[in-house]
Amino acid sequence: MLFTDLQIIEPILQALTREGYSKPTPIQAKAIPYILAGRDLLGCAQTGTGKTAAFAIPMLQLLSKPSAIKAGQRPIRALILTPTRELAIQIEESFKAYGSGLRLKQLVIFGGVGQQPQTAALERGIDILVATPGRLLDLMNQGYINLKDIEIFVLDEADRMLDMGFVHDVKRVITKLPGKRQTLFFSATMPNEIQSLANAILTNPEKVEVTPVSSTADTIEQSLYFVEKNDKRALLASILKDESIETALVFTRTKHGADKVVKDLVRIGIKAEAIHGNKSQNARQRALSNFKDRSTRILVATDIAARGIDVDELTHVINYELPNVPETYVHRIGRTGRAGLSGTAFSFCEYEELPYLKDIQKLIGKEIPRNTGHAFHTEFSGARPIAPKPAAQQGRQGQRPGSQQSSGRNHSGHQPRKFSGGRGN
């Protein structure tokens with residue numbers, strides 16, 4: 001199937017051609033006809049499936065039709081609500097690219113930056129608003145935004161809205177929308193709370209599900225590294241010695257952990273930057289731009305900040321720390337192997353993360369292949385970690401952090417040892 005088979009108008013087809021698109025992804029092929037027909041939609045698709053274009057293309061076409069709004073007025077006619085600044089920016093860029101041949105105006109608003117440029121654009125008039133919940137509600141309370149003319153409402157990444165505690169904000173926004181509207185609801189996973197929210201705001205929706213929510217793309221090669229917590233830095237450095245890994249997205253569970261990994265990598269001469277909620281908006285955008293143009297080799301991210309990262313041909317994802325929510329594993333490794341391309345995902349697992357690993361493998365329905373040939377491989381034994389002997393502990397003192405000698409092994413002829421160490425931070 002081609003985009004030309006989906007009854008898309010010529011200005012959008014020309015824009016898609018300029019962007020290098022000719023064939024729709026499965027979710028695009030399924031969703032676009034329903035949206036063009038004016039139906040409510042429940043879309044369930046894992047990250048990297050082309051979801052943004054699945055709603056942006058038909059929305060642009062519907063909004064380009066003559067409106068019943070009086071001449072001279074330009075009220076907001078479409079609202080896309082999304083959880084993170086990075087994702088909001090990328091969605092707005094997609095609308096701008098696909099709608100370059102149309103007379104529609106779009107705007108993205110988010111917190112963390114001054115509001116004056118955003119309010120000035122709102123006062124001039126826009127058709128399409130992409131927003132994060134906090135800034136949207138703030139500007140609504142100040143009287144800059146009125147949602148009474150919304151024709152199409154999109155709730156994107158609904159499961160992440162739940163994870164970030166935005167569900168109540170979303171419900172407040174929904175109360176300000178007109179009852180007669182088209183609603184498009186997208187989520188990579190469908191926990192009970194999200195299903196209940198979908199049931200409350202959708203009217204007789206069509207459901208589009210591309211792949212099961214628990215699945216990982218077949219094009220992603222996954223491997224698992226059992227390793228002591230204190231050896232993770234050295235293992236990461238060892239892996240990144242492979243110069244064929246041109247770029248890699250490294251995940252940590254915490255902001256502090258992300259900064260620490262960056263500091264360790266920079267110390268050994270690897271260009272790395274962190275992206276997380278404590279970074280300023282300018283710093284986050286600069287880090288992302290550097291990663292996209294490959295001037296930065298390694299981007300270290302927390303899950304929330306990384307949800308909006310869309311990097312063409314990203315080959316490697318490294319789970320420096322396993323996520324404590326199993327669905328997040330699917331989101332993380334889905335950053336690579338996008339749109340049918342191949343990808344590689346490495347996951348480090350220390351003793352304290354074994355319960356997370358068990359939940360992940362239960363969710364995806366298979367065991368992640370283990371890499372036991374690396375120099376830092378660790379065997380697990382029993383229900384609790386085996387404490388090292390005092391002499392062994394003493395022998396490890398004075399070692400430089402991240403040094404491969406800190407494990408008491410070298411890259412050849414090593415013997416895997418029992419896991420030792422306490423709870424990770």
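Visitor: In which hand does H4 pass H12 in their crossing?

Guide: Bear in mind that this is a predicted model. In it, the crossing of H4 past H12 is right-handed.

Visitor: How is a pair of packed helices described?

Guide: Two packed helices are described by the angle between their axes and by the distance between those axes. Here the axes of H4 (residues 85-98) and H12 (residues 281-292) cross at roughly 60° and come within 11 Å. An angle from 65 to 115 degrees would count as roughly perpendicular, and one under 35 as roughly parallel; H4 and H12 are therefore oblique to each other.

Visitor: Which residues of H4 and H12 meet?

Guide: From H4 come Arg85, Glu86, Ile89 and Gln90, and they meet Gln281, Arg284, Gln285, Leu288 and Lys292 of H12. By kind, the residues of this contact are four charged, three polar and two nonpolar.

Visitor: Is H4 mostly covered or mostly uncovered?

Guide: Mostly covered: of the 14 residues in H4, twelve are buried. Among them are Leu87, Ile91, Phe95 and Tyr98, and also the charged Arg85 and Glu86.

Visitor: What about a residue in a strand? Where does phenylalanine 185 lie?

Guide: Phenylalanine 185 belongs to strand S6 (residues 182-187). Buried means under 20% relative accessible area; phenylalanine 185 has 0%, so it is buried.

Visitor: Which residues is phenylalanine 185 in contact with, leaving aside neighbours within four places in sequence?

Guide: They include Leu41, Leu155, Ile194 and Leu202. Leucine 202 is 17 residues apart from phenylalanine 185 along the chain, and their C-alpha atoms are separated by 7.9 Å.

Notes. Residues numbered from 1 in each chain as written. Predicted model: local features only at pLDDT ≥ 70, side-chain atom pairs only at ≥ 80, totals over all residues. Heavy atoms only, no water. Axes fitted to C-alpha atoms, helices over the stretch in contact; angles between N-to-C directions. Helix = DSSP H or I, 4+ residues; strand = E, 2+ residues; numbered from the N terminus. Parallel < 35°, antiparallel > 145°, perpendicular 65-115°, else oblique. Left-handed = near helix turned anticlockwise from the far one by under 90°. Contact = heavy atoms within 4.5 Å. Buried < 20%, exposed > 50% of the residue type's maximum accessible area, 1.4 Å probe, protein only.
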